[in-house]
Amino acid sequence: MKNYHKTNYSSREAPDWPIANLPGLSNEDQSQLAGCGISTTAQLIGQTKTPTAKVSLAHQLQVDIRYINKWVAMANLARIPSVGCKYCGLLLHAGVASPAQLAQMPVGRLHQQILRLHVATMQRNDLTPSVDRVQKWVEDAKLVISQ
């Protein structure tokens, strides 16, 4: 099971997670990223700041640019302390692609999107995070983007 504990985190900076904690990355993906000097989410974000850098990394890894964009989006969402790697994939699949977008989302609407996603994919709604948790994500996203 993946470890979801924060590393290098203080109340003033966003957490930096091991790349292995991002959901959906295969062992091969992780090895390839490590070969490019990327072992944490902060390193992934740092090495993909421009569209050209993303294309270059995709070429180097011989993967479709969509994978790089997905991994970077999850890494950016994981910067939000209350989201982390545990919920970054859920938010991405619910249509939230960045902390700035999350900060602008109405809490009720986002909660409904996540509820619909859970029902559509798992045929259950009891796993949906509470409205209070979603509210915390939005509040934390506002803090992250203001830094």
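Select residues 131-146 first: that's helix α8, and at 1.5 Å a residue its 16 residues should span 22 Å, which agrees with the 23 Å between its end C-alpha atoms. (The expected span is 1.5 Å times one less than the number of residues.)

A quick word on ground rules. This is a predicted model, where local features need pLDDT of at least 70 and side-chain atom pairs count only at pLDDT 80 or more, while totals for chains, interfaces and linings use all residues. Numbering runs from 1 along each chain as its sequence is written, and side-chain values use heavy atoms, with hydrogens and water left out.

Now show side chains on α8. Val134, Trp137, Val138, Asp140, Ala141 and Val144 are its buried residues (buried means under 20% relative accessible area, with a 1.4 Å probe and protein chains only). An α-helix has 3.6 residues a turn, so residues three or four places apart point the same way.

Next, select the whole chain and colour by secondary structure. You'll get eight helices and zero strands, with helices being DSSP runs of H or I, at least four residues, and strands runs of E, at least two. The radius of gyration, over C-alpha atoms, is 15 Å, close to the 15 Å the globule rule (2.2 Å times the number of residues to the power 0.38) gives for 147 residues, so the chain is as compact as a globular protein of that length.

Last stop, colour by burial: 41% of the 147 residues count as buried.

Conventions: Buried < 20%, exposed > 50% of the residue type's maximum accessible area, 1.4 Å probe, protein only.
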